[in-house]
Amino acid sequence: QVQLVESGGGWVQAGGSLRLSCTASGRTDSMYRMGWFRRAPGKAREFVASVRWSDGSTDYLNSVKGRFTISRDNAKNTVSLQMNFLKFEDTADYYCAGQVAYGQPYQYWGQGTQVTVSS
């Protein structure tokens, strides 16, 4: 089992920045990829960014490319999401998730952290 705990959400004006962090504990050696997802009010959950644990390879939602950066620290078992130039439409609950193998659904989820961007 893997436990994920997010931190770093909050309120920011449009154009500002926030940094989210996710700390993993438990069987972290089983992790293949870590990702961030979000769910805006009244909308479905969507993928935001992911990073492969072994080599740091990343993937992003098109609308956040160039603004968000995902990174991982293997020694500390943390994954971070640096969010710059935030927009009102980035307002959502953000969730950290863990995937244990390529092609498998994300199996582990954090409790979420709220990000509110005021226009």
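Are Arg-67 and Asp-90 buried or exposed? Arg-67 is buried, and Asp-90 is buried too. The model is predicted.

**Salt bridges**
- The whole structure holds five salt bridges.
- Arg-67 pairs with Asp-90, with 2.7 Å between the closest N and O atoms.
- Arg-67 sits in the loop between β6 (58-60) and β7 (68-73), and Asp-90 in the loop between β8 and β9, so their pairing ties together parts 23 residues apart in sequence.
- Through shared partners, salt bridges link Arg-67, Asp-90, Arg-38 and Glu-46 into one network.
- Glu-46 is partly exposed, because its relative accessibility is 31%.
- Another salt bridge joins the side chains of Asp-29 and Arg-27, at 3.0 Å from N to O.
- Asp-29 counts as exposed at 59% relative accessibility, while Arg-27 counts as partly exposed at 47%.

**Thr-91**
- Thr-91 lies in the loop between β8 (78-83) and β9 (92-99).
- Its relative accessibility is 17%, so Thr-91 counts as buried; the cut-off for buried is under 20%.
- The Thr-91 side chain reaches the backbone oxygen of Phe-88 at 2.9 Å.
- A polar atom of the Thr-91 side chain also lies 2.9 Å from the backbone nitrogen of Val-117.
- Beyond its neighbours within four places in sequence, Thr-91 contacts Ala-40, Pro-41, Val-115, Thr-116 and Val-117.

Definitions and conventions. Residues numbered from 1 in each chain as written. Predicted model: local features only at pLDDT ≥ 70, side-chain atom pairs only at ≥ 80, totals over all residues. Heavy atoms only, no water. Helix = DSSP H or I, 4+ residues; strand = E, 2+ residues; numbered from the N terminus. Buried < 20%, exposed > 50% of the residue type's maximum accessible area, 1.4 Å probe, protein only. Polar contact = N/O pair within 3.5 Å; in protein donor to acceptor, adjacent residues only side chain to side chain. Contact = heavy atoms within 4.5 Å. Salt bridge = Lys/Arg side-chain N within 4 Å of Asp/Glu carboxyl O.
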